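Work through these exercises with the structure in view. Try each task before reading its solution.

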Amino acid sequence: MFGQVSYDVEVDVPAGDAWELYSTLQLAKVVQEGLSPMLEKVELVEGDGGVGTVVELTLAPPPGAQGPMIYKEKFTKIDNEKRIKETEVVEGGFLDLGFTLYRVCIEIVEKDKDSCVIKLKIEYDVKEEAASNASMVTTKPLEGIASVTTTYLLKMKNANANAN
């Protein structure tokens, strides 16, 4: 069973500035700081931030759950011209819950020279016998990422404006 959820947010920063954050490992640092303690840690397993990079994420356990949720994500696509980045869970997490695919797609679309739209999407495929787990896929993680990165990008824009 294939599905997807998405969340878009408009940000008053140039698309290039947003992409500079989203296309690099800096995104993991910003998100980890902004979503702490929910996102306990992000560790680089291999790579330099380009395609093929693998990171391990540790999420705090939800209420009533035993132990943290740990999974690995691999950067599968980074297109600097189109400003598109895709990552897929390659170990643990949703794969342990009957999913055969859990992919996060990020696209930065220029609105005008001073603003952009950050498009975030989760694509997933889940085995029929685990179809009820599809309800676990929500836009909440995307909203959290967008909120943290928007705050960071606007803070950096204001810091740069004040420095000039």
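**Exercise 1. Classify lysine 121: buried, partly exposed or exposed?**

Solution. This is a predicted model, so all values come from its coordinates.
- Step 1. Take the relative accessible area of lysine 121, which is 27%.
- Step 2. Compare with the cut-offs: buried means under 20%, and exposed means over 50%.
- Step 3. Lysine 121 is therefore partly exposed.

**Exercise 2. Find the salt-bridge partner of lysine 121, and classify that partner.**

Solution. 
- Step 1. The partner is glutamate 123. The closest N and O atoms of this pair are 3.3 Å apart.
- Step 2. A salt bridge needs a distance within 4 Å, so the pair qualifies.
- Step 3. Glutamate 123 has 11% relative accessibility, so this residue counts as buried.

**Exercise 3. Which residues form a network of salt bridges with Lys121 and Glu123?**

Solution. 
- Step 1. Glu88 and Arg103 are linked with Lys121 and Glu123 in the network.
- Step 2. The side chains of glutamate 88 and arginine 103 meet in a salt bridge of 3.0 Å, N to O.
- Step 3. Glutamate 88 sits in strand 5 and arginine 103 in strand 6 (residues 99-112), so their pair ties together parts 15 residues apart in sequence.
- Step 4. Both glutamate 88 and arginine 103 are buried.
- Step 5. For background, side chains of opposite charge can pair when their charged atoms come close.

**Exercise 4. Describe the salt bridge between glutamate 91 and lysine 72.**

Solution. 
- Step 1. Their closest N and O atoms are 3.8 Å apart.
- Step 2. Glutamate 91 belongs to strand 5 (residues 84-92) and lysine 72 to strand 4 (residues 69-79). They are 19 residues apart.
- Step 3. Glutamate 91 has 44% relative accessibility, so this residue is partly exposed.
- Step 4. The salt bridges in the model come to 9.

**Exercise 5. In what order do the strands lie in the sheet, and which are at the edges?**

Solution. 
- Step 1. The sheet is open and has 7 strands, in the order 1-7-6-5-4-3-2. Pairing is antiparallel.
- Step 2. Strand 1 (2-11) and strand 2 (39-46) are the edge strands, each pairing on one side only.
- Step 3. From one strand to the next, the twist averages 20°.
- Step 4. Look at one pair: strand 4 and strand 5 are joined by 8 bridges. Here aspartate 79 has isoleucine 84 of strand 5 as its bridge partner.

**Exercise 6. Which strands do helix 1 and helix 3 lie across?**

Solution. 
- Step 1. Helix 3 (residues 140-163) lies across strand 1, strand 6 and strand 7. Its angle to strand 1 is about 20°.

**Exercise 7. Is leucine 35 buried or exposed?**

Solution. 
- Step 1. Locate leucine 35 in helix 2 (residues 26-35).
- Step 2. Its relative accessibility is 17%, so leucine 35 counts as buried.
- Step 3. Leaving aside neighbours within four places in sequence, leucine 35 contacts Gly144, Ile145 and Val148.

Note on methods: Residues numbered from 1 in each chain as written. Predicted model: local features only at pLDDT ≥ 70, side-chain atom pairs only at ≥ 80, totals over all residues. Heavy atoms only, no water. Helix = DSSP H or I, 4+ residues; strand = E, 2+ residues; numbered from the N terminus. Buried < 20%, exposed > 50% of the residue type's maximum accessible area, 1.4 Å probe, protein only. Contact = heavy atoms within 4.5 Å. Pairing = 2+ DSSP bridges. Axes fitted to C-alpha atoms, helices over the stretch in contact; angles between N-to-C directions.
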